[in-house]
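Colleague: I'd like to learn how to read aromatic pairs in a protein model. Could you walk me through it?

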Amino acid sequence: MGTTTPPRTLAEALRARGDEALAGLLRARPDLLTPVPGDITQLATRAGTRASVVRALEHLDRFALQTAEALAVAPDPAPYETLLRLLTGDGQDDGAHHDDAGAAITAALPGALGTLREQALVWGEDERLHLVRTARELLAPSPQHPSPTGLGPTVAEATAGMSPGRLQEILTAAGLPATHDPVSAVAALTDLFTDRTRMAELLDSAPVEALSVLDRLVWGPPYGEITPNPTPPVRWLRDRGLLLPVSARTVVLPREAALHLRAGRAHRVPEPVPPAVEPVAERDPQAVDRAAAGQAFLALTTVEDLLKLWNGGGPAVLRSGGLSVRELKRVASALDTTEPVAAFWVELAYAAGLLAADGETDERYGATPAYDDWLELPAARRWTRLALAWLAATRTAGLVGGQDAKGRALSALGPELDRSAAPDVRRRVLALFAALPPGTAPDPATLLTRLRWERPLRGGSRGDIHPRPEGPGSSASGASADTADLRSRIALWTVNEAELLGITGRGALSSQARALLPRTSEDSARAAALLAPLLPEPLDHVLLQADLTAVAPGPLERPLADVLHVLADVESKGGATVYRFTPGSVRRALDAGQSASDLHAFLAAHSRTPVPQPLTYLVDDVARRHGHLRIGAASSYVRCDDESVLNEILADKRAAALRLRRLAPTVLASQTDPASLLEGLRDLGYAPAAESAEGDVLITRAGARRTPPRTAPVPVPDGPPVPDDTLLGAAVRAIRAGDTAATVVRKEPAAEAGAPSGTLPRTTPADTLATVQAAAMTGSTLWIGYVNAEGAASQRVIAPVRVEGGFVTAYDHTADEVRTYPLHRITGVAELAEE
């Protein structure tokens, strides 16, 4: 430890640490750093608070936690050998298997103990190991909170309050001599239960049924209920103290007796070695990269299709926030996928900042201006942006469709989907993927087992969420036998979502994803460089066919794709995309400002096959009729130079809902609004055009609706961020300086002799000035009391450099910097005692 005298408190143990060890503690437990502790004593106090200890325990792996649990049931302090025996047992029950397990535990225990020491959960030399008091209270057995070890209270704890006469009766039944007081009686009974020879002789005399009762209690829970008139085996155990009363109907197996029955082991199955992640398949790494690249390209097109779907105005935002179930079903239908997968794509676009609410009175979702910037990026860089947003997002799409604590459904884009553990689980899952050889797909069941070993206390299911049976694309649900806890569900969702996004291919991690995991800009560029050659090159042509369809044999260049998306409807997707030309789609292109000649030129320029005659006729026919009817606002009106067309509309019974009446031979008026009238006449088979108040045709361009600029949602942090080396160095220096100021030995002024130790020094202004000037000349260090402009009093250790104009300039050891202090704010000074 670096000191000859063993530390008596956690503060002394921390004070004896080097700067690197203190920095390691602050790095492992960043909550201790906010705000920076004033000294070591403050740091030790904060490290022992319940909230901080619970957080530290949650970040322990299973064996480190088992080590802490063993210390919680051991005497305080406990020597290293006692701790080792609690984990390995005394070696009298399992033979060769015990030897193998004991060797693994013996090898792993120093590392686990080092982790506990580093995080200030354990302190002291190996001969006197102390578990911090709060951790002992959390992990020690109690009737309200049984220990994971399954052990009960000690004999001393279980017999507290028992009458002396009853204690003597137990001693007599156990064959022990009577004692003079309860303390010695408890000690005698404890010695019996911890003596293997005498305890074995006692159990050899027990009825077989009594041993069966002990077998049911030995590994926990150690409590059992009895009747007012217990059976003879239970009475035999109770009379000899092997079962001690907790209440009138409850008995408990004492800890010392249970440890004898367990051969000294605190845990039934110690787990010193992390379980291996087993491979389920081994594939060609190049085939994995190609499969992942294909899925990455599909992810890009899916996100584009989603936002194109909402180009003209997305769905309304629910009053409670989020997307309605009906709108999610519409998205799933449009994307030709399931609702959980549709929720994943919606949440992914939102996390990447491509989708947001517009903030208007009638609030709706829509694409953000960042979406247009994203579209201008190369495909590989667009994918890395989506992948990085997914990795960092705390929003968890798999929760959509579940319920909160009040039984309300959780909706996509709703406010209740943030889970701070999600980024950590995703990165840990992918790190386990990356630990396998390239092309190896892991078994999801062993993956979950490994994650539970790494964070056993964080696997408990949350009471506020009722899990849905499956998440997005749940192909890995074969491991769902025990996946009720949140971290396990997030891990399974991660496996499924990684496949959807192209992080993995055929169940194995792709090369581009491996490059992306370190999270630096260089790694992002490298991932994009690895992905780019695997993505298909965009094409500048389509194949027009006589059945009014166009086949795109691959991805299209963006200008071509944008125009074709307006001119035709997507009929099917796959290796090739099939577009179908209809009167409605051609009319949509004409509404966007295209003329018939423009459309003919576009088709001829981008088709590798001759333009079919039926398509030419379709364009000309729709163009001839387009704009023949003009609709404006009266409420609305219809204007046409051909009276016979207006007569035909008035005579059509289907137009009755439009409530039309003739104002002039070439004008009809309607009580419906222009947009409804426009849509109604189109449903009747006409091709009307909207016009402005000046009589000009209104051109509607696709994709014009965007929300105001929006930033991507900020992930909800899982506690304080891990500090960088600069902050850690400054914090350690400040803590050391504050500790020096708090523990330095001072010369008390004569006037203050007999004043309470540690109070602020008080001197007259003349004495203060003279002492500071003398220290500036001799270069000595002073202890001062100082009151700042806000009236806060503090103690500081300074080395004066210059005194002039009513100010003293000095090096402040507490702040570790040079500062200037007004002399009138110094309440007093004291010289430091000589070493």
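Modeller: Let's take the aromatic pairs one at a time.

Modeller: First, the ground rules: this is a predicted model, where local features need pLDDT of at least 70, side-chain atom pairs count only at pLDDT 80 or more, and totals for chains, interfaces and linings use all residues. Residues are numbered from 1 along each chain as its sequence is written, and side-chain values use heavy atoms, with hydrogens and water left out.

Colleague: How many aromatic pairs does the structure hold?

Modeller: There are 4. A pair of aromatic rings is described by the distance of the centres and the angle of the planes. Rings of Phe, Tyr and Trp (its six-membered ring) pair if their centres lie within 6.5 Å; planes under 30 degrees apart are stacked, over 60 edge-to-face, and the rest tilted.

Colleague: Why is the pair of tryptophan 310 and tyrosine 365 called stacked?

Modeller: Because the planes sit at 25°, with the ring centres 6.4 Å apart. Tryptophan 310 is in the loop between α16 and α17, and tyrosine 365 is in strand β8, so the pair ties together parts 55 residues apart in sequence. Strands here are DSSP runs (E, at least two residues), and helices are runs of H or I, at least four, numbered from the N terminus.

Colleague: Are those two buried or exposed?

Modeller: Both tryptophan 310 and tyrosine 365 are buried, meaning under 20% relative accessible area, while exposed is over 50% and partly exposed lies in between (1.4 Å probe, protein chains only).

Colleague: What about tyrosine 786 and tyrosine 821?

Modeller: That pair is edge-to-face, with 4.8 Å between centres and 70° between planes. Tyrosine 821 is buried at 3% relative accessible area.
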